[in-house]
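Please open the structure in your viewer and keep the selection tool at hand. The tour below goes stop by stop.

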Amino acid sequence: MAEGHAVHGMAQRLRQLAGTTVRSVSPDGAFPASAYDGKRLVDTEAHGKHLLVRFDDIEGAVHIHCGMTGRVSTRRHRRALGDDGFPKTEPPAANGLRWRLLNRTHVADVIAPTICEVLNQEDTRALHARLGPDPLRDDHEPEPFFTTTTQSRRAIGMLLLDQRIVAGIGNVYRAEILFRQGIHPWSPGNRLSSTELAAIWSDAVGLMAIGLGAGWIVAAPRQLTEARELIDQGLPVPRWPKTYAVYGRRGKPCRQCGTPIEAARLGQQTAFWCPVCQPPRD
């Protein structure tokens, strides 16, 4: 499943079509694309793992959730334009194409989404209301996350993946953030201090912002430093080999203390942790 930074990246790239009139088609006929044909795309936004697309003079928004395998691909095309200002021929389409938006310069494809639906204003507000604060949104504050967590006996590893509590954190970020903060994933939320929760939120903001800027999850300390410098300079971040502290490293030595990394099912996904660097709470 796409982590929150990836969905924010999709929203950013799709925003290249904002302010323009688009051609809207649904090759598989599973989405009412004709309602948006010839309309002006106004803006896009991400909230956690959910993407919203808004159009001029149309109430509500198109809601996209990519699920485990879906994606939104936006790219520049250089096809000859017809008298209507749109390409004379369609760019190649990937399998699973649900919805395509096209303007003079770009094509955006929604491919194999779990959800691609039309929401009215009330449903759009309800979507936002049922999601927790998103570390990548400047207009979101962490207080709801703090309040809910301190009142819960559930494991922090469960709480971090509950999109109703904090939106956008996936399994990789869960593993790496908890390792970086020295917190066992089974620690009850109400056993964590306000300082620890603030550190979790701050780390999520920092790691996910770098992930957004890089276009992939960066977690290794040296890579984070180099990626941050490149992003600050407006330069692309290379696709270095992914180096995680604990995620996906069951049985391998901890990079910090050498103890074998442990892993077990926690909720719907597998949690990874170092039993020494992340000791369980008494």
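**Stop one: helix H5**

Select H5 and colour Asn171, Val172, Tyr173, Arg174, Ala175, Glu176, Ile177, Leu178 and Phe179, which are buried (under 20% relative accessible area with a 1.4 Å probe, protein chains only; exposed is over 50%, partly exposed in between). H5 covers residues 171–180, and nine of its ten residues are buried, so-called mostly covered. Helices (H or I, at least four residues) and strands (E, at least two) are DSSP runs, numbered from the N terminus. This is a predicted model, in which local features need pLDDT of at least 70 and side-chain atom pairs count only at pLDDT 80 or more, while totals for chains, interfaces and linings use all residues. Residues are numbered from 1 along each chain as its sequence is written, and side-chain values use heavy atoms, with hydrogens and water left out.

Now show what surrounds H5. Its buried residues pack against helix H1 (4–14), helix H4 (156–161), H6, strand E9 (262–266) and strand E10 (269–273). Contact here means heavy atoms within 4.5 Å. Just after H5, click on glycine 182, which takes a positive phi of about 70°.

**Stop two: helices H3 and H6**

Select residues 143–150 for H3 and residues 194–214 for H6; their axes come within 11 Å and cross at roughly 135°. Axes are lines fitted to C-alpha atoms, for helices over the stretch in contact, and angles run from 0 to 180 degrees between N-to-C directions.

Which residues make the contact? On H3, pick Phe145, Phe146, Thr149 and Thr150; on H6, pick Leu197, Ala198, Ile200 and Trp201. By class, the contact has six nonpolar, two polar and no charged residues. Ala, Val, Leu, Ile, Met, Phe, Trp, Tyr, Cys and Pro count as nonpolar, Asp, Glu, Lys and Arg as charged, and the others, Gly among them, as polar.

**Stop three: alanine 93**

Go to the loop between strand E5 (71–76) and strand E6 (97–102), where alanine 93 has its place. Is alanine 93 buried or exposed? At 52% relative accessibility, alanine 93 counts as exposed.

**Last stop: the whole protein**

Zoom out to find seven helices and ten strands. The C-alpha trace spans about 70 × 40 × 35 Å along its principal axes. Of the 282 residues, 50% count as buried.
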